[in-house]
Amino acid sequence: MTQLSLVGVSKIFGNSTVVDNVSVTVEPGKVHVLLGENGAGKSTVIKMMSGIYQPDKGHIEVDGQTVRIPNVEAARKLGIAVIHQELNMVPELSIMENLFLGALPTKVGFINKSAMKSKAREALKLIGLNEDVSTPMGELGVARQQMVEIAKALMQDASILILDEPTAALTRKECEQLFVIMGELKARGVGMVFISHHLDEIARVGDVVTVLRDGKYIDTIDAKAPESELVRLMVGRSIENQYPRVAQQPGKTLLEVKDLTRAGAIEHVSFDVHAGEVVGLAGLVGAGRTEVLRAVFGADSYDSGSVTVEGVQLPKASIDKTIAAGVGLVPEDRRTQGLILEASVADNLGLATMVPTSKFGFADLKGQRDRENDTARKLRIRMANIDQTAGSLSGGNQQKIVFGKWSMANVKVLLLDEPTRGVDVGARVEIYELINEITANGGAVLMASSDLPEVLGMSDRVLVMSNGKLSGEMPASEATQERVMSLAVSHMNEDFSENTTANVEK
């Protein structure tokens with residue numbers, strides 16, 4: 001099998017050195033974890049491994065021989081494959097067609113469909129996926145789509161598999177399924193690079209960990225090292241309190257939701273959120289949490305019920321009116337719903353305040369620029385400058401931009417949907433401090449998260465959803481994982497609409 005080594009590699013963009021003299025060796029049959037904060041250089045390192053970037057200094061070795069990897073195709077021929085966080089697939093095409101994208105088997109000049117079908121079935125069997133190969137990829141959940149991507153890599157005889165945050169959008173059960181497959185691949189001698197912000201996963205699947213910080217190599221240690229040691233190496237300091245919630249005395253009601261109903265998604269959902277309060281919205285994937293947040297924000301309409309902010313009822317499906325009332329949303333998918341990736345950091349930060357701060361119909365460009373610079377500095381957004389495109393930043397820094405947009409707008413109520421997904425432990429704490437700042441200033445936060453420790457650690461009250469309904473409410477001081485999970489499955493057998501499965505959040 002293949003051994004892959006980066007030897008003293010550096011990558012420079014303009015005047016910025018994003019990776020500086022980093023060495024990493026991926027051995028056959030082992031999982032090598034790359035760990036670091038957002039912006040530490042992990043993505044650049046794996047792009048050099050896979051031929052997307054070439055190192056400006058240092059070199060790459062495969063089985064002890066120096067090689068040049070000028071493109072992705074060259075990496076593939078060397079047995080190196082990447083499973084990106086943003087999956088490379090065409091939803092409308094079948095599993096079989098996606099498996100053979102760019103490499104269709106032919107026979108006397110014609111596509112050999114029988115060979116495609118046979119090889120596709122063999123590939124799925126390798127990873128234990130029991131799906132009809134003619135099923136459109138878009139009909140599969142994220143976990144199965146990832147499994148198909150792994151099958152595709154194995155079809156290409158990959159002996160080095162790079163997994164970039166593969167568990168970010170998976171449930172615990174789906175993660176375990178992935179980890180079992182990773183164990184089987186290790187047994188076959190496949191070497192793997194694994195990136196994850198979930199520290200508990202490292203000891204579960206890893207053999208060794210290489211820590212990067214600010215583009216520099218820090219250390220390579222055993223994957224069974226204590227989490228506290230991993231955090232210290234990542235951020236350069238100890239983090240004593242992972243969930244630094246500073247509780248406030250609840251004030252007046254800022255958000256009131258009554259009998260919110262949308263057929264197939266949510267049913268008779270009622271709750272309120274007070275000034276100074278963080279209310280956590282827990283539940284399994286598909287429980288309806290995202291649907292509630294989108295309906296409250298005006299992104300989706302609803303059949304009946306009402307949303308009231310400071311005593312004023314908001315019209316349905318009116319984002320403009322909702323923002324004007326002082327409500328902001330940090331969406332689940334920041335890349336497609338929270339940012340304009342091609343626009344600059346400055347332009348993204350100013351999205352919610354450009355119109356309200358205009359004077360006589362003219363944008364307050366100087367004022368906006370000053371506020372944008374202040375916000376970027378305050379949030380410690382890592383960037384070359386404020387005119388850098390948002391899409392070129394790491395996930396954690398992109399998330400800070402979305403928060404910063406609403407921070408500039410001084411929202412009264414901030415809706416958070418998976419606020420720390422794909423965000424490292426250091427940036428998480430910074431985001432939690434932003435939440436504390438909002439509530440300390442008299443605002444309110446409604447936070448939906450699949451990370452149950454996060455819900456319990458950062459909420460004052462916890463609402464639990466199950467099958468589109470609110471199944472329980474309790475103070476955070478009385479909430480336990482067992483109580484929340486019991487409520488989360490309480491309505492699972494109820495079919496309140498024929499369309500629930502099709503319409504609930506994925």
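Biologist: Which residues of α8 are buried?

Modeller: This is a predicted model. In α8, the buried residues are Leu230, Val231, Leu233, Met234 and Val235.

Biologist: How should I read the spacing of residues in a helix?

Modeller: Start with the general idea. An α-helix has 3.6 residues a turn, so residues three or four places apart point the same way. Now the case here. Leu230, Leu233 and Met234 are among the buried residues of α8.

Biologist: What comes just after α8?

Modeller: Gly236, with a positive phi of about 80 degrees.

Biologist: Which residues other than glycine have a positive phi?

Modeller: Arg380 is one of them, with phi near 55 degrees. Asn467 is another, also near 55 degrees. Arg380 sits in the loop between α13 (365-378) and α14 (395-408). Asn467 belongs to the loop between β21 (461-466) and β22 (469-475).

Biologist: Is Arg380 buried or exposed? And Asn467, buried or exposed?

Modeller: Apply the cut-offs: buried is under 20% relative accessible area, exposed is over 50%. Arg380 has 53%, so it is exposed. Asn467 has 11%, so it is buried.

Biologist: Where does Arg245 lie?

Modeller: In the loop that runs between α8 (227-235) and β13 (253-262). Its relative accessibility is 15%, so Arg245 counts as buried.

Biologist: What does the side chain of Arg245 reach?

Modeller: Take the polar partners one by one. The backbone oxygen of Gly276 is reached at 3.3 Å. The side chain of Thr439 makes a polar contact with the Arg245 side chain at 3.0 Å.

Biologist: Which residues does Arg245 touch, leaving out those up to four places away in sequence?

Modeller: Gly276, Glu277, Val278, Asn436, Thr439, Gly457, Met458 and Asp460.

Biologist: Now the whole chain. How does the radius of gyration compare with that of a compact globule?

Modeller: They agree: a compact globule of 506 residues would be near 23 Å, and the protein has 24 Å. The C-alpha trace spans about 70 × 55 × 50 Å along its principal axes. Buried residues make up 53% of the 506.

Biologist: What share of contacts joins residues at least 24 apart?

Modeller: Among contacts between residues at least 6 apart in sequence, 67%. The protein has 18 helices and 22 strands.

Biologist: How many charged side chains are there?

Modeller: There are 53 positive and 65 negative ones. The centres of the two sets lie 4 Å apart.

Definitions and conventions. Residues are numbered from 1 along each chain as its sequence is written. Side-chain values use heavy atoms; hydrogens and water are left out. Helices (H or I, at least four residues) and strands (E, at least two) are DSSP runs, numbered from the N terminus. The radius of gyration is taken over C-alpha atoms; the globule rule is 2.2 Å times the number of residues to the power 0.38. Buried means under 20% relative accessible area, exposed over 50%, partly exposed in between (1.4 Å probe, protein chains only). Contact means heavy atoms within 4.5 Å. Lys and Arg count as positive and Asp and Glu as negative; His and the chain ends are not counted. The place of a charge is taken as NZ of Lys, CZ of Arg, CG of Asp or CD of Glu. A polar contact is a pair of N or O atoms within 3.5 Å; within protein, one must be able to donate a hydrogen and the other to accept it, and residues adjacent in sequence count only if both atoms are side-chain atoms.
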